[in-house]
Amino acid sequence: MTDSIHDMGGMDGFGKVEPEPDEPPFHQAWEGRVLAMQRAMGYAGAWNIDMSRAAQELLPPNVYLSVSYYKRWTLGIEHNLLKQGLADAGEIAGGHARNSAKPLRRKLTPDAVPATMTRGSYGRPAQAPARFKPGDRVRAKNIHPRTHTRLPRYVRGHIGTVELVHGCHVFPDTAAIGQGENPQWLYTVVFAGRELWGADADPTIKVSVDAFEPYLETP
Amino acid sequence: MADHDHDPHHEHGSELSETQLRVRALETILTEKGYVDPAALDAIVETYETKVGPRNGAVVVARAWTDPAFKQALLKDATAAVATLGHANPVGDHLVAVENTPQRHNMIVCTLCSCYPWEMLGLPPVWYKSAPYRSRAVKDPRGVLRDFGISLPQTTEIRVWDSTAETRYLVLPMRPSGTAGLSADELAALVTRDSMIGTGFPKPAERA
């Protein structure tokens, strides 16, 4: 779902940012296990990073806001296990495997862990020439897909300027729903604060998003 | 997994134990099905607890402060430039370094989730993943900076980078004054995690 609570840019009412001095990597041991399971399942090819994000975005807003970060990951992993047919609801409720496993591409072993600490590459060969270049004025489309997208609401319909061209990247909107990598040109598009937030906004603010070509149109 | 004290910042005690059980059950299922090796999970956790952290980014920043050719390369293609240092795990693709100047201050956010340059900075802090930061950074960045005890001149441009794709951003903060005689190691010790996100400044030299 696209227009859900995860798309928080510009919302009011969440209060102050509260940095925590000397914050540990994990506050509870289970958080580390959750992160590691997500990594290991990604390595195994069970689902991709866009599917991980999309699963969390399906959480109802009250759940999304009331549970901790790694609890959201836990719920997302459970969702994707069910969705990919890797476990069933009875197994998740019972806490044990009862049915046979579905084959995965590979299994993460301890010796392979150092290599997984590098993020994967999402760049892909171009399928067509880039439609935009640095300096071009572009409008973020007013789109509201019912499935996953990475175009935040707060820029939709607004006009910005292409600042960087990052090449062609895996397109999250299709990768998240199992419709392939469908590589698209990726741009950093910068917007004036007043374009986004109105005439009363601070004139010294500029905000950019990284936008895939299908998100953009010529104004 | 050991039991933990009630932590009001995170979860209520009742949910905590429910969550611990739920996570343990999940790991049991994945292990019994042969999808994961618990020893590999141990290795991932240990790496994040002991090997990955903001020191990786600090070394990059200190090098950029002391080596103009490296700085130029970093701003042109950060992934390639960082790879030449060989001090960290090979950095992933699509890293972009953005330079603070007296005229422009950069700030990094991910409004949609928690995208963060992990290889350079370690795991993102809770505040970076929190609703207050994600909601306000793009609309009221000066207010967010005030939450961090920072204020910038009203003439400084605030440039916010929302990490909405697989590109990752690292802020190259301005070198503190009075650090002319410091070595790259001494300089790296001044570079804070928050200064590389854009919610802080490097430590002043006298407090090194």
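This is a predicted model: local features need pLDDT of at least 70, side-chain atom pairs count only at pLDDT 80 or more; totals for chains, interfaces and linings use all residues.
Leaving aside its neighbours within four places in sequence, which residues is A:A54 in contact with? The answer is A:H148 and A:A176.

A:A54 sits in helix 2 of chain A. This residue counts as buried because it has 26 C-beta neighbours inside 10 Å, and 20 or more are enough for that label. A:A54 and A:T149 are 95 residues apart along the chain, yet the distance between their C-alpha atoms is 8.6 Å.

For helix 2 (residues 49-57) and helix 4 (residues 69-83) of chain A, the axes come within 8 Å and cross at roughly 110°. An angle of 65 to 115 degrees counts as roughly perpendicular, so helix 2 of chain A is described as roughly perpendicular to helix 4 of chain A. The contact of these two helices is made up of two nonpolar, five polar and one charged residues. On the side of helix 2 of chain A, the residues are A:M51, A:S52, A:A55 and A:Q56. They meet A:R72, A:G76, A:H79 and A:N80 in helix 4 of chain A.

As background, most residues other than glycine have a negative phi. A:D22 has a positive phi, near 50°, and is not a glycine. A:D22 lies in the segment before helix 1 of chain A. With 4 other C-beta atoms within 10 Å, A:D22 is exposed. A:N182 is also not a glycine, and its phi is positive at about 40°. This residue belongs to the loop between helix 7 (172-175) and strand 4 (184-192) of chain A. A:N182 counts as partly exposed, because it has 16 C-beta neighbours inside 10 Å.

Chain B comes next. This chain has 11 helices and four strands. Of its 208 residues, 50% are buried. Among the contacts in chain B with a separation of 6 or more, 64% are between residues 24 or more positions apart.

Helix 5 of chain B, residues 78-85, shows how burial can be arranged in a helix. Its residues B:A78, B:A81 and B:V82 are buried. Seen down the axis of helix 5 of chain B, the buried residues fall within an arc of 95°, so they line one face of the helix. What covers the buried residues of helix 5 of chain B? The cover includes helix 3 (55-66), helix 4 (68-76), strand 1 (95-99) and strand 4 (168-172) of chain B. After helix 5 of chain B comes B:G86, with a positive phi near 60°.

How many residues does the largest nonpolar core have? It has 105, and those with the most contacts inside it are A:M37, A:A40, A:A211, B:V61, B:V160 and B:L170. Helix 1 (residues 29-44) of chain A supplies the largest share of this core, eight residues. Leaving aside neighbours within four places in sequence, B:V61 is in contact with B:L172, B:P173, B:V191 and B:M196.

The two chains also touch each other, and the contact takes 74 residues from chain B and 74 residues from chain A. On the side of chain B that touches chain A, the elements that give two or more residues are helix 1 (13-32), helix 2 (38-50), helix 7 (126-129), helix 8 (131-136), helix 9 (141-147) and strand 3 (157-162) of chain B. Helix 1 of chain B gives the most to this side, with 11 residues. By class, the side of chain B that touches chain A has 36 nonpolar, 19 polar and 19 charged residues.

Is B:I158 buried or exposed? B:I158 is buried, with 22 other C-beta atoms within 10 Å. Leaving aside neighbours within four places in sequence, its contacts are A:T204, A:I205, B:H105, B:M107, B:P141 and B:R142. From B:I158 to B:D194, 36 residues apart in sequence, the distance is 16 Å, C-alpha to C-alpha.

Key:
Residues are numbered from 1 along each chain as its sequence is written. Chains are lettered from A and ligands numbered from 1 in the order in which they are written. A residue is buried if 20 or more other C-beta atoms lie within 10 Å of its own, exposed if 12 or fewer, and partly exposed in between; C-beta atoms are placed from the backbone. The arc is that of the directions from the helix axis to the C-beta atoms. Two residues are in contact if their C-beta atoms, placed from the backbone, lie within 7 Å. A nonpolar core is a set of buried Ala, Val, Leu, Ile, Met, Phe, Trp, Tyr and Cys residues joined through C-beta atoms within 7 Å. Axes are lines fitted to C-alpha atoms, for helices over the stretch in contact, and angles run from 0 to 180 degrees between N-to-C directions. Angles under 35 degrees count as roughly parallel, over 145 as roughly antiparallel, 65 to 115 as roughly perpendicular and the rest as oblique. Ala, Val, Leu, Ile, Met, Phe, Trp, Tyr, Cys and Pro count as nonpolar, Asp, Glu, Lys and Arg as charged, and the others, Gly among them, as polar.
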